[in-house]
Amino acid sequence: MQNIHSKTTSPKNLNGIAIEDYHITTEPFYVSTGNEISLFESAYRLKMPVLLKGPTGCGKTRFLEHMAWKLSRPLVTIACHEDLTASDLVGRYLLRDNETVWQDGPLSLAVKHGAICYLDEAVEARKDTTVVIHPLTDNRRILPQEKRGLLLEAHPDFLLVMSYNPGYQSVMKDLKHSTRQRFLAIDFTYPPSKEEQAIVMEEGQVDENTAERLVKLGEMVRNLRQQGLEEGISTRLLVYAGRLISDGVLPKEACQAAVTRAMTDDMELQEAITEIIAGIF
Amino acid sequence: MILQDFHQSSNKISAAAKKAYEAARASVAHLRPRTSKGFLLEVEREIREAEKSPDKHIILAEAKQISLLNWALVLPFFNAVKKVPADNLILQFSNLVQQLAVHDIDAAVTFLKRTPVALENLEDQQDLITWGKQGLRAFETAKDKKKMWKAVKAYFIEASDANCRYPLDRWSFFLEQAIRIAAVSVDATEGFIQHGNRVCLLLNEDETIRWIDKGLEGCGSEQELINYFNGTSLKSVEASDCLVSGVPLKNKRNTLSMICEALLGQPVKLRSNSVLLGCKGFNGGAATDGHNIFLPDMAPSFGLFKLMALHQTMLLQRHPYTDLNGKILTDPTQIHLDADKRLIRQLPGLLHEINKYSADHHIDQHPEKLGRTGPVPKPWWGDILPDLMKETDETITAIKEKAAEKYENIPPELLESLLTSMLAGGEREQNALWKLLGEMLDDIDFDSPDPEELQESVKTFFYKEWDRKLCDYKLEWCQVRQRIAREDPNDFITRINDRLRGIILLIRKQFMKLKPEMFRKYRAQPTGDALDIDALVEALVDMRSGAPMSENVYIRRDKRIRDVSVFFLVDLSGSTDEVFNGRRVIDVQKEAMAIMAEALEALGDPYAIYGFSSEGRFRVDMFNVKDFNEPYDEKAQYRLGNLQPLGLTRMGTVVRHATYKLEEVSSTIKILIILTDGRPYDMEYGNLEYAISDTKKAIQEARSKNIHPFIITSDKKGSDYLQMISPQTECVILPKVELLPTLLPALYRRLTG
Ligand SMILES: Nc1ncnc2c1ncn2[C@@H]1O[C@H](COP(=O)(O)OP(=O)(O)OP(=O)(O)O)[C@@H](O)[C@H]1O
Ligand SMILES: [Mg+2]
């Protein structure tokens with residue numbers, strides 16, 4: 001159910017993972033695009049929960065990985081979804097050898113060890129789930145483990161971070177204001193062209209010229225947002241296209257797969273994007 | 001006197017010079033002395049100059065010959081021949097002049113006068129002769145040679161021009177065609193050579209011939225012929241459009257405008273260029289007024305269309321046009337070349353296509369053979385209309401200033417978008433635009449009272465409307481006035497409840513069953529949020545007694561929430577007053593809504609009910625009976641009871657407003673149910689086709705926003721147009737209006753069950 005940073009594991013054997021496993025040991029590649037790093041560092045010092053806003057694939061997760069590495073804190077990531085329950089976050093009793101054993105959920109783990117806890121796409125979780133974080137986000141900084149009758153006090157280094165994508169308009173209203181207003185917000189958008197080019201070069205392993213063209217493609221397709229594309233094309237997709245190209249796929253085909261068909265099913269829009277690709281490559 | 005002087009110094013000049021001079025003198029013998037005196041002075045100067053030339057013998061000998069033909073040729077000859085290089089050419093050149101002069105002195109003079117320009121612009125010197133010969137051949141081939149003079153004269157001018165569009169062999173073809181036109185009108189032929197041929201830019205030779213046939217057959221009067229062949233009549237552009245074999249603009253407009261928008265970074269309006277007829281400099285090609293792009297209705301291929309549109313995109317909002325170094329360019333060829341350069345910088349992949357189309361149109365293929373220096377215009381360049389661009393800019397600025405005073409509260413962006421829409425629609429005249437704007441923004445007197453007078457709380461919304469002729473939306477075209485239905489107490493609901501108590505109870509019960517438990521608990525599961533103590537105890541007991549212990553000891557709670565919202569639109573058009581089997585349509589609709597409301601109260605799905613009626617595009621009224629967040633209380637019931645037949649039906653706008661309201665709701669399933677009694681019809685809502693295509697668009701828009709639209713009509717003739725609006729599955733035609741109250745809940749159950 002949870003997607004815990006690069007580990008696939010079911011809640012049952014979570015106990016097997018030590019908090020050390022959440023440490024990021026090598027520097028994640030991240031290109032800064034503004035003052036987000038210093039802002040986050042301040043928030044970390046002041047222990048203010050942070051909300052990362054921005055469209056999909058624009059580097060929110062990568063940024064946080066980078067910050068966790070920079071601040072040498074473990075990073076516990078929880079991908080939120082509709083069926084996520086409070087127990088999934090806090091923990092539950094398991095049955096083992098005749099006994100019931102308490103197992104901490106990822107949130108409890110992060111709270112205890114002073115990790116950065118990242119609730120990815122927090123709006124996807126139900127409201128009754130998101131309220132469990134409320135006492136953690138004010139000056140109480142506690143996490144009640146109701147089933148055990150315990151109150152966990154947060155480690156001084158614990159920091160809560162949520163991400164959310166304001167693109168989905170109707171969902172936006174679902175993020176309760178009482179939740180939203182506990183967070184300091186950092187805005188993310190698609191990186192400016194220079195930066196995006198550096199990212200596509202590094203991550204997509206393509207030469208400068210190809211990266212430049214991919215970024216140009218990204219900009220042009222983003223211009224079409226009014227035309228029925230729900231979101232602009234993400235940096236992630238440009239990176240994918242780059243990877244395909246570096247793997248030997250012809251640029252036009254790579255872009256068809258990673259951009260045209262990934263972005264839309266509308267025939268006219270597809271035709272337009274195909275023409276733009278043909279123009280760029 | 002002059003003669004005296006000449007003879008005095010004559011020992012210094014050659015015999016050939018003397019002969020030439022004598023001939024010139026003889027040629028003006030019939031003129032008045034004052035005229036001839038000036039002429040001869042000039043001739044003398046020219047002869048002295050010619051004496052210095054290495055080719056003096058041949059020049060003077062030919063000058064003498066030419067003087068014998070007509071004095072008007074003499075000075076132009078001297079002027080031209082200076083530029084003509086090798087001696088072998090001079091002889092050919094002079095022969096040409098003499099032969100031309102036999103047919104028409106004017107044409108021959110023009111040939112001479114244009115020779116220096118031609119030598120500058122033609123690639124090869126030999127082309128000078130080809131250029132002249134083609135003109136001569138036109139005379140020789142024509143039956144009635146006299147009728148060709150204007151055309152040949154125009155040809156000498158156009159074909160030697162630096163901005164000429166064609167290689168010489170293309171001109172040879174045009175001249176052949178000109179001969180055919182000359183048979184009916186001299187002036188039309190001239191017009192064809194000067195401008196009209198450009199209408200054929202995208203036609204091949206066969207198609208051009210057919211275009212000329214059409215003109216010759218279809219034009220009665222001389223004026224008609226002239227307008228057709230100089231390319232300024234609608235008929236002429238249309239004829240060319242339907243001859244272009246290829247792709248019609250209307251099929252590709254959306255795709256093209258998206259490509260342009262991607263390039264420019266803002267929406268681009270593409271229109272048919274037929275609205276530009278009569279604009280100075282417009283010759284049927286792609287063009288721009290600086291804000292909108294105008295394209296021919298047909299192009300030979302999509303690729304060419306794309307190049308036209310993109311090329312024009314590079315010219316948008318660039319008046320005056322500046323190149324990358326900020327230098328202002330005015331020469332059209334330079335502008336086109338620079339625009340192509342910019343385009344290729346942005347989209348290098350186009351280079352390939354540009355080369356391909358250049359080759360297809362026999363341009364750049366053998367530049368050495370074309371007989372032209374400098375670039376030959378490309379088929380996608382189109383026309384540059386600096387006057388139109390300037391005027392458009394001025395018009396927009398002027399109207400914006402005026403409007404800023406009069407309509408202070410209207411945001412400038414909205415104003416600008418209204419203006420560009422109107423310009424794109426073809427209106428260019430400032431006063432007419434101002435008037436149109438006034439019609440859109442001013443309050444006009446209507447039968448129905450202004451909401452301000454009603455002292456209601458009215459919210460207004462603007463919506464676009466689809467124009468099937470334009471193949472585009474008219475932005476901010478219709479105004480929805482969201483009003484609240486009257487709330488005067490009435491006994492409508494009480495009466496229905498009394499009369500239909502049984503049915504209502506039954507339907508309520510049916511709907512109750514649809515209602516899911518909010519959460520369902522599943523006991524004794526292998527996974528879950530909490531331990532199921534009962535199952536656990538059992539499992540432990542099992543284990544103690546030696547049996548393997550069951551793993552199924554958890555409670556799982558699953559979310560099973562019904563997540564449907566529905567929006568009802570009730571038609572309040574005047575026709576709902578009609579009576580069927582003793583009951584008015586409006587009353588049946590209201591009754592159906594009352595029952596449906598009861599059912600939905602039982603079920604708990606959020607719902608909204610609005611009545612709608614319109615009177616022109618600024619008075620599309622939507623009457624709130626119940627909004628999503630309002631309870632179905634006494635007030636709402638009174639409102640329902642008060643709904644009455646009113647005006648007309650502007651369906652598209654109504655659907656757009658409902659869509660907007662549904663978008664604000666976060667349910668996974670959104671349904672829009674429209675109860676109507678007839679076809680969409682409103683003031684200035686065009687004919688049935690217009691109304692239907694707008695409604696259809698609005699329904700498509702709704703669907704693209706994950707809304708399921710559904711139309712229920714009691715119009716038996718409705719099947720035809722309903723099929724056009726919405727596929728069969730999404731509409732119901734009631735065999736009898738009276739069925740609506742029972743059918744509506746049943747339908748809803750089926751839709752969402
Ligand atoms: N600033 C950046 N520096 C380095 N890489 C970046 C940056 N922005 C985007 N990327 C690239 O884009 C990919 C997607 O970014 P990431 O996963 O952080 O997106 P996200 O904002 O978390 O998206 P989602 O909302 O879908 O989770 C990364 O894997 C990385 O390759
Ligand atoms: Mg992410």
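Is B:Trp211 buried or exposed, judged by relative accessibility? At 0% relative accessibility, B:Trp211 counts as buried, a term that stands for under 20% relative accessible area, with exposed meaning over 50% and partly exposed in between (1.4 Å probe, protein chains only). The model is predicted, so that local features need pLDDT of at least 70 and side-chain atom pairs count only at pLDDT 80 or more, while totals for chains, interfaces and linings use all residues. Residues are numbered from 1 along each chain as its sequence is written, chains are lettered from A and ligands numbered from 1 in the order in which they are written, and side-chain values use heavy atoms, without hydrogens and water.

Over all chains, 24 aromatic pairs are found. Rings of Phe, Tyr and Trp (its six-membered ring) pair if their centres lie within 6.5 Å; planes under 30 degrees apart count as stacked, over 60 as edge-to-face and the rest as tilted. B:Trp211 and B:Phe229 form an edge-to-face pair, because their ring centres are 5.7 Å apart and their planes stand at 80°. B:Trp211 belongs to helix H12 (residues 205-218) of chain B and B:Phe229 to helix H13 (residues 222-229) of chain B, so the pair ties together parts 18 residues apart in sequence; helices are DSSP runs (H or I, at least four residues), numbered from the N terminus. B:Phe229 is likewise buried, at 0% relative accessibility.

A further edge-to-face pair joins B:Trp466 and B:Tyr473, at 4.9 Å centre to centre and 75° between the planes. B:Trp466 is buried at 11% relative accessibility, and B:Tyr473 is buried at 18%. B:Lys464 lies over the face of B:Tyr473, 4.1 Å from the ring centre; a charge sits over a ring if NZ of Lys or CZ of Arg is within 6 Å of the ring centre and within 35 degrees of the ring normal.

Definitions and conventions: Helix = DSSP H or I, 4+ residues; strand = E, 2+ residues; numbered from the N terminus.
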